Amino acid sequence: MSRKLRAAVAQLGPIHRADSRTSVVKRLIALLREAHGQGARFVVFPELALTTFFPRWWMTDQEEIDRYFEREMPNAETRPLFDLAREFGIGFYLGYAELTAEHGQTRHYNTSILVAPDGRIVGHYRKIHLPGHSEHLPNAPFQHLEKRYFDVGNEGFRVWRMLDAVIGMCICNDRRWPETYRVMGLQGVEIVALGYNTPTENIHHPEPLHLRMFHHILSLQANAYQNAAWVLAAAKAGAEDGFGLIGGSAIVAPTGEIAAQALSEGDELVSATLDLDLGDYLKRTVFAFEKHRRIEHYGLITSRTGAVTEV
Ligand code: CDT
């Protein structure tokens, strides 16, 4: 008998700078109720789901920056979400900005958590591939200051067993890098959960708008297939204070096919029934890692960061 899991991605429309966390959590709760109505047992919320995508703003006052970060999770604002999820018996992924202290040092991470249906936080991931820049770009239409506001994640790409599935997490830009999925694939991942905030415009190069969506979905489909895993991707979408984010939240099957996709740029839930055994034939055949991988030829992947042409 194949293992089935009803799961959903909960896309959020824009969150403006002036929006309170309390108002955002009400929206998350409305999506959670909808997910429950559709029989979902696992819901993926976006990256930095509690606030606007603040790395677009240049800020120098650390107190102002720290207002976008959470010092504990759950906290007073998010507790109602945790409580209702536990009541419904729904597990979830939630992205937020984490402020913590490590060895006496203050750290800022772009974080996601995996919360079990009983309300326990079972997994924690800190974004590794931080995109953008750390200096002010006065001529750009907006900033992408993740390299300024966040430390690089220090916990690797891990997986957890929850809801009878092996679940891994990553965040936004991580989804463009095959290494992200392969490290999880080598731990037997069955579901990769991820949230994202992808601007409609590339501030570094004039890129046609349609390519933003194409590269997003291409990355999900290729990596789902190559690791025979489900990929559940939840966007924050629409215009936040006038700055556009792509939608396109999607559930992609281990075959690389799109099982469900959001149509709007607003709050929208899409769900699907995941057959967790669907990827097994790929793991036994074309992507039987233990038979076909040739690690003796992959050394450069971990010994070299940038491309060097020696010919
Ligand atoms: N949030 C985030 O990581 N956004 C990046 C923008 C990079 S521009 C190519 C993303 O990969 O979508």
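Modeller: Buried means under 20% relative accessible area, exposed means over 50%, and partly exposed lies in between, with a 1.4 Å probe and protein chains only. Helices (H or I, at least four residues) and strands (E, at least two) are DSSP runs, numbered from the N terminus. This is a predicted model, in which local features need pLDDT of at least 70 and side-chain atom pairs count only at pLDDT 80 or more, while totals for chains, interfaces and linings use all residues. Residues are numbered from 1 along each chain as its sequence is written, and side-chain values use heavy atoms, leaving out hydrogens and water.

Colleague: In which sense do E1 and E14 run?

Modeller: Two strands pair if DSSP finds at least two bridges between them. Strand E1 (residues 4-11) and E14 run antiparallel, joined by 8 bridges.

Colleague: How many residues of E7 are buried?

Modeller: In E7, 7 of the 7 residues are buried, so this strand too is largely enclosed by the rest of the structure. Ala165, Ile167, Met169 and Ile171 point one way, Val166, Gly168 and Cys170 the other way, and all are buried.

Colleague: Which strands pair with E7?

Modeller: E6 pairs with E7 in the antiparallel sense over 4 bridges, and Trp160 has Ile167 as its bridge partner in E7. These two strands form a hairpin with 2 residues between them, and Leu163 in the turn has a positive phi of about 55°. Asp164, in the loop between E6 (159-162) and E7, has a positive phi of about 60° although it is not a glycine. Strand E8 (residues 191-196) pairs with E7 in the parallel sense over 5 bridges, with Met169 opposite Ala193 of E8.

Colleague: Which residues are closest to the ligand?

Modeller: A residue is near a molecule if one of its heavy atoms lies within 4 Å of it. Here 13 residues surround the ligand, and the closest are Lys127, Cys172, Asn173, Arg176 and Thr198.

Colleague: Where is Asn173 found, and is it buried or exposed?

Modeller: Asn173 is found in the loop between E7 (165-171) and helix H5 (178-185), and it is buried, at 14% relative accessible area. Contact means heavy atoms within 4.5 Å. Not counting residues up to four places away in sequence, Asn173 touches Lys127, His129 and Pro131.

Colleague: Where is there a cis peptide bond?

Modeller: A cis peptide bond joins Met73 and Pro74, with omega about 0°. Pro74 is placed in the loop between helix H2 (62-66) and helix H3 (79-88).
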